[in-house]
Amino acid sequence: MEFLVLVLSLFLSLVSCASSDPTTEPLRLCMKTQLSYYSEVSQIIHTSNSSSYSSILKSSQQNPRWLNSTSKPLLILTPFNESEIHAAVLCSKKRGIQIRVRSGGHDYEGLSYLCKTPFIIIDMINFKSIDINLADETAWVQSGATLGELYYSIGKKSDVHGFPAGICPTVGVGGHFSGGGFGTLIRKYGLAADHVIDAILIDANGKIMNRKTMGEDLFWAIRGGGGASFGIIVSWKIKLVQVPKIVTGFTVSKLISQGGSSLVNRWQYIAHNFHEDLFMRVILQNVGSGSQKQVQADFNSLFLGGIETLMPLMKQSFPELGLEAKDCIEMSWVQSSQYFAGYKKDQPLEVLLSKEVLYKSNFKAKSDYVVNPIPEIVLQGIWERFMQEQLVFMILDPYGGKMAEISEFEIPFPHRKGNLYNIQYLVKWDVNEVSEANKHMYWLDMLYRFMKPYVSNSPRGAYINYKDLELGTNNRGTNTSYMEASSWGRKYFKNNFKRLAEVKSKVDPHNFFRNQQSIPPLRVLSGLGRV
């Protein structure tokens, strides 16, 4: 039978070579041969000649900045089962073709759908099942599901359970969990990755493994170390967390010129020490335009409890903010996920199922960690730089609480005790042209350089889910060295970077799963430990 399949494959390649892409066709035929007993191949393989190719390619490119890229996949695979991914890995590896895996399409640098060498995209859009088991407070979630779909599924099953993941509902769980993942429950429960208890992964040899068969080293690596370096994670088993039936949200906005600056300064000293049930981030942004433009600070908060409990806590912890009961909204936890995503709490829960980003625009982002409060005179320098741009944001997320209790070595994500807060810098623009992008990115680089003396150092920390290729890239393909990759790797992972490279050398020594910021294998030369 195998001989007949091989003959058929060769025959098909001969009769179709005149009209087919010489690179794509052998790959497609290899996959068709592998999948002939499993799938309707035409439904899952989309070549550039397919009517569905363009729409699928653009469907979840969440940063329009990359829409004009000339980097296009040879084909897009939209699998329904693990055997189809297994076939894609084997055929791509055989042909020397790279794989990009796309869950929600939110990779900040587009690395889930861009590549400098021939590649295919495995789009996990059909891997979106969510199976919740309230009896043991767990759930199996496939990597193509979004955070919004996860929250919706939890909310439909229970009003006293939640999950500590991100704020944007269109983010895919695949990339989010593998990079750490945090949101409004970070101070109470830590990261999403802290609550992953099993996973299904397909490695560079096409082997399908769970936690037991992959071993604890690899299981450690995929929870915060960036799963794309180690294989294709198709599903995750997570432990749900308990939340009260009623939570409270509020947003208090203050202009910097009207006391907002002193409030931001005060927040730096106290937010990490708030009760762990209180999460209060600060969103800094410009409001108005022209001569009316000003910088505003939004104190955006979730409290795990009702208004009656929150008010005395705020009067004790942050009376300067002047919070009043009328500023607060009581809701369920799942409604709070709508509230933080920009929806109204009274909108139907189904808004969480939308794949459309509410505020999509071209953007560039960077990140930092703050270990000592930034001097107030430096804050003034930030406001002055904000006035030079229009669509610019700094999002300050407080740490402390549970984050200070978990070891920096527990999972690859190392930014734990000692960090007051994380900064995400964002600049956005409307016109998708290179000259326009360069102008705004130059401004962001200027702000980032200005902040250097006032944030973490040795290394200057960064968050892997806020991907930033300006930190450094791998430029030598399969031969990227550990030392070369350390330029960016230690910023994301600190002292965990070496262990990640050691795991990589065991599970993917030939560096099949790679991109511009993937973990390289740790290669020991001549027994001297050099890399």
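Two strands count as paired when DSSP finds at least two bridges between them, and the helices (H or I, at least four residues) and strands (E, at least two) named here are DSSP runs numbered from the N terminus. The model is a predicted one, with pLDDT of at least 70 needed for local features and 80 or more for side-chain atom pairs, while totals for chains, interfaces and linings use all residues. Residue numbers start from 1 along each chain as its sequence is written, and side-chain values use heavy atoms, leaving out hydrogens and water.

Let's start with the five-stranded sheet. It is open, its strands come in the order S5-S6-S10-S8-S9, and the pairing is antiparallel. Strand S5 (130–133) and strand S9 (208–209) sit at the edges with a single partner strand each, so one side of each has no neighbour in the sheet. Further in, strand S8 (residues 196–202) and strand S10 (residues 232–239) run antiparallel and are joined by six bridges. If you want a spot to look at there, Leu201 stands opposite Ile233 in S10.

For the angles, axes are lines fitted to C-alpha atoms (for helices, over the stretch in contact), and values run from 0 to 180 degrees between N-to-C directions. Helix H5 (residues 82–95) touches S8, S9 and S10, and its direction makes about 55° with that of S8. Helix H6 (residues 147–157) touches S5, strand S6 (138–142) and S10, at about 35° to S5. In the loop between S5 and S6 you'll find Glu137, which has a positive phi of about 55° although it is not a glycine.

H5 also takes part in the one disulfide of the structure, a disulfide being a pair of cysteine sulfur atoms within 2.5 Å. Cys30 is joined to Cys91, S to S 2.1 Å, and the link is left-handed, with -80° about the S-S bond. Cys30 belongs to helix H2 (residues 24–35) and Cys91 to H5, so the pair ties together parts 61 residues apart in sequence.

Now for the seven-stranded sheet. This one is also open and antiparallel, in the order S15-S12-S14-S13-S17-S18-S16. Strand S15 (328–331) and strand S16 (362–370) are its edge strands, each pairing on one side only. Direction ignored, neighbouring strands are turned by 15° against each other on average. S16 runs antiparallel to strand S18 (residues 421–429), with nine bridges joining them; Phe363, for one, has Lys428 in S18 as its bridge partner. Helix H15 (residues 434–451) lies across S16, strand S17 (392–398) and S18, at about 155° to S18.

Follow the chain into the loop between H15 and helix H16 (482–493), and you reach Pro459. A cis peptide bond joins Ser458 to Pro459, with omega about 5°. Ser458, in that loop too, has a positive phi near 55°. Most residues other than glycine have a negative phi, and most peptide bonds are trans.

Terms used
Contact means heavy atoms within 4.5 Å.
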